[in-house]
Amino acid sequence: MRTDPGFRELRTDRLLLRRSLPEDAEAISAYRSDPDVHQHQGWSRTDPDHVRAEIEAMLRRAPGEPGWVQFTLETLEDPHLVGDVGLCPRADEPGVVMVGYTIAPAEQRKGYATEAMTALVDYVLDTLDADVVRAYADAENVASVRVADNVGLEVVERFEATDEDGTWHGVRMERHRQP
């Protein structure tokens, strides 16, 4: 697997995927703090200061290096932030990269998640040369599972997990590099 220290941006028909910046923290905090969004994503703290600190830490990493790297999604036509996606190589499983995605509630159901994830999955497989792209979701988050399916990630495991918030049911979805 490779790293991409020269990463600039990814573009789709409607979106710019760029490195998240500290000045994005307020907007990201706002939608990630929404209870309907927060229940399905992995950040335990979503206050602006914590989000800003996380972004600053991620900016020190190149995509493909250990740890999460986050990309902000902006529309091209009328530039505004609509969500974020991220990637994180698995340190314990060489060649496996986890991905995640969050779309602001006002921007959901417009196809942005599928469009951004298509670009991100292609980037992970083609540029970073990963063998497997993996995503996890709450099994009740039907929209998230649908996005993963739309970009070729198949459900490979259903599981029950327990954390500080209680027990939940999840799915692991993967797409493998084609030979």
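**Ground rules.** I am reading a predicted model, where local features need pLDDT of at least 70, side-chain atom pairs count only at pLDDT 80 or more, and totals for chains, interfaces and linings use all residues. Residues are numbered from 1 along each chain as its sequence is written, and side-chain values use heavy atoms, with hydrogens and water left out.

**Asp4.** I found Asp4 in the segment before strand E1 (9–11). Strands (E, at least two residues) and helices (H or I, at least four) are DSSP runs, numbered from the N terminus. Asp4 is buried yet has no salt bridge. Buried means under 20% relative accessible area, exposed over 50%, and partly exposed in between, with a 1.4 Å probe and protein chains only. A salt bridge would need a side-chain nitrogen of Lys or Arg within 4 Å of a carboxyl oxygen of Asp or Glu. I noted that the nearest side chain of opposite charge, Arg8, is 7.9 Å away; Lys and Arg count as positive, Asp and Glu as negative, and His and the chain ends are not counted. The side chain of Asp4 does make a polar contact with that of Tyr123, at 2.6 Å. Such a contact is a pair of N or O atoms within 3.5 Å; within protein, one must be able to donate a hydrogen and the other to accept it, and residues adjacent in sequence count only if both atoms are side-chain atoms.

**Gly6.** Gly6 also turned up in the segment before E1. I put Gly6 down as partly exposed because its relative accessibility is 41%.

**Helix H5.** Next I checked residues 142–150, where Ser144, Val147 and Ala148 are buried. Seen down the axis of H5, the buried residues fall within an arc of 100 degrees, so they line one face of the helix. The arc is taken from the directions from the helix axis to the C-beta atoms. Their cover includes strand E5 (96–103), helix H4 (112–126), strand E6 (132–138) and strand E8 (166–176). Just after H5, I saw that Gly152 takes a positive phi of about 90 degrees.

**Strand E8.** I then followed the pairing, which requires at least two DSSP bridges between two strands. E6 and E8 are antiparallel over seven bridges, with Tyr136 partnered by Arg172 in E8. E7 (residues 154–163) and E8 are antiparallel over nine bridges, and a hairpin joins E7 to E8 through two residues.

Methods
Contact = heavy atoms within 4.5 Å.
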